[in-house]
Amino acid sequence: MRSFILNDEKIDCHLPSGTLLLDFVRYHKALKGTKIGCREGDCGACTVLIGDLVDGQMKYQNVTSCLTPIGNVYGKHVVSVEGLNMEDLTPVQQFMVDESGTQCGFCTVGFVVSLSGYCLSNSAPNYNDAIASIDGNICRCTGYKSIERATRKITNALQNKDTEHTVNWLVEHKFIPDYFLDIPKRIEALNPVEEKITKAVLIGGGTDLYVQKHDQLVDKEVGLVAHQNSLRYITAENGVCTIGGGTTVTDLLESELFNSYFSNLSDHIKLVSSSPIRNISTIAGNFVNASPIGDFTAFFLALNAKITLSENENERTIFLKDFYKGYKDLDKSKEEILTSISFVIPSSNSQFNLEKISKRIHLDIASVNSAISIAITNNTIETIHISAGGVGPIPSYLHRTVAFLKGKTITAENIKQANKVLQSEIQPISDVRGTETYKRLLLRQLFYAHFIKLFPDQISLKALI
Ligand SMILES: Cc1cc2nc3c(=O)[nH]c(=O)nc-3n(C[C@H](O)[C@H](O)[C@H](O)COP(=O)(O)OP(=O)(O)OC[C@H]3O[C@@H](n4cnc5c(N)ncnc54)[C@H](O)[C@@H]3O)c2cc1C
Ligand code: FES
Ligand code: FES
């Protein structure tokens, strides 16, 4: 049975798994608190919480219900604003009112749900984390200052939160209704069976597919990749890190193992989309979407990652850099599932950097991006991989630039020469994100930025320009 809990109600779902959660909540259950704004994951008006039972405790994340197939919530707890409401306003709602954090009100539910999700996290209260939890919510009326003040008050009100027993504390202090206390048992009782992936369209988080093919999916069965727990893992063995094909961006961000390889991981990841999108979107979806500016594609190309593709019993592993044959043309059959991603764990003398330029810093896709991994011995480049996005029809691995730099020393002259090679192997086109000349200039700057950031004692901007 395809069951889940919506607020305090058990749902036995008979709709196609591609039905959008937003439509189910609003049209099938008539819960109109959840709003429809953009239907593209940008505004946050449709935010709900999804709670998953992890090691006996519920873990809640805010998500955009406008891009979430209902199949991805089987066995989970979905919370709309109605599921937070009680006789009196909750402290989150009250602080929003007190600080004039709401005017027309259209965005307010999304903010309240995201901030309530933040309260439900088991981490110690912290204003910056609270603000980060609303990075996917847009308000066109208030100018945000009043919402920031409300967020400060919410953080202060959580100061004595018992993070060992978060739900109990929140119930006691009337942040959430008391039915939350029974949810772990009720979720366990649902006993969800992992559905076999069918031949239908494969879906990770749906954050690309529903923007592009909404009408073709909403009344169909879909192949739920990210819903397979067996495909959500991050492991390390024999010097190789392997990531399951259903792993989400937030899974990476929260993985101690993955963080141990990249000192600035959270800085890199926070440049990508927003929390509600990162909570559902998968790394595999970023690769298969084949956007020339996919940020995780650039990230993993620079790790010289491999991917494993499976169809029934057949399995093959190829380099990610060989996956892209032309614009949106992949070395992949329709039925093949990207089941895992692997890369050699960076050595202790290895460094990594990701750069991204977009029109806005947050919640925007790249005009140009680039990543590098580089290992140096005695000032000589031993291993190097560089990627670039937005400068050709496919996400690019810079083969010639890499070959030029291997074995060279880190000097400004070598990097300037390498830029000439780099410029000869990219093919940017003029489009809405900029002219060809502008993109060439951007990539040069990002390429130089890698070396200035990673080798500040040897390379300065002055020496390069
Ligand atoms: C508001 C918003 C902001 C965004 N910002 C960014 C950004 O800053 N940077 C960026 O790179 N992207 C961004 N994206 C795009 C998107 O979120 C990412 O590309 C994401 O990683 C896609 O993952 P998904 O699981 O949601 O993909 P889905 O939409 O589920 O799938 C994408 C494609 O991959 C296929 N697929 C998914 N999983 C598998 C699998 N395991 N095997 C085979 N095929 C599979 C699907 O069939 C589909 O063709 C943004 C999207 C939105 C809506
Ligand atoms: S309706 Fe705008 S993010 Fe969902
Ligand atoms: S109060 Fe009107 S959009 Fe935020």
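Guide: This is a predicted model. Begin with the domains: the shell around ligand 1 draws at least three residues from domain 1 (3–84 + 179–202) and at least three from domain 3 (228–464).

Visitor: Which residues come nearest to ligand 1?

Guide: The shell has 32 residues, and the nearest are Gly 41, Gly 204, Gly 205, Gly 285 and Asn 286. By class, 15 residues of the shell are nonpolar, 13 are polar and four are charged.

Visitor: Which element gives the most to the shell around ligand 1?

Guide: That is α13, with five residues. Elements that each supply at least two residues include β6 (202–203), α8 (209–217), α14 (295–301) and β14 (337–344).

Visitor: Is β14 mostly covered or open, and how many of its residues are buried?

Guide: To call a residue buried, count the C-beta atoms around its own: 20 or more others within 10 Å are needed. In β14, six of the eight residues are buried, so the strand is mostly covered.

Visitor: Which strands pair with β14?

Guide: Strand β9 (residues 240–244) pairs with β14 in the antiparallel sense over five bridges, with Thr 242 bridged to Ser 342. Strand β10 (residues 306–311) also pairs with β14 in the antiparallel sense over five bridges; there, Ile 307 stands opposite Ile 341.

Visitor: How many residues are in the largest nonpolar core?

Guide: It has 120 residues, and Leu 21, Val 48 and Val 78 are among those with the most contacts inside it. Helix α3 (residues 108–119) provides the largest share of this core, seven residues. Leaving out residues up to four places away in sequence, Leu 21 touches Val 48, Ser 65, Thr 68, Ile 70, Val 73 and Val 78.

Terms used:
Residues are numbered from 1 along each chain as its sequence is written. Chains are lettered from A and ligands numbered from 1 in the order in which they are written. This is a predicted model: local features need pLDDT of at least 70, side-chain atom pairs count only at pLDDT 80 or more; totals for chains, interfaces and linings use all residues. A residue is near a molecule or strand if its C-beta atom, placed from the backbone, lies within 6 Å of it. Helices (H or I, at least four residues) and strands (E, at least two) are DSSP runs, numbered from the N terminus. Ala, Val, Leu, Ile, Met, Phe, Trp, Tyr, Cys and Pro count as nonpolar, Asp, Glu, Lys and Arg as charged, and the others, Gly among them, as polar. Domain bounds come from an automatic or database domain assignment. A nonpolar core is a set of buried Ala, Val, Leu, Ile, Met, Phe, Trp, Tyr and Cys residues joined through C-beta atoms within 7 Å. A residue is buried if 20 or more other C-beta atoms lie within 10 Å of its own, exposed if 12 or fewer, and partly exposed in between; C-beta atoms are placed from the backbone. Two residues are in contact if their C-beta atoms, placed from the backbone, lie within 7 Å. Two strands pair if DSSP finds at least two bridges between them.
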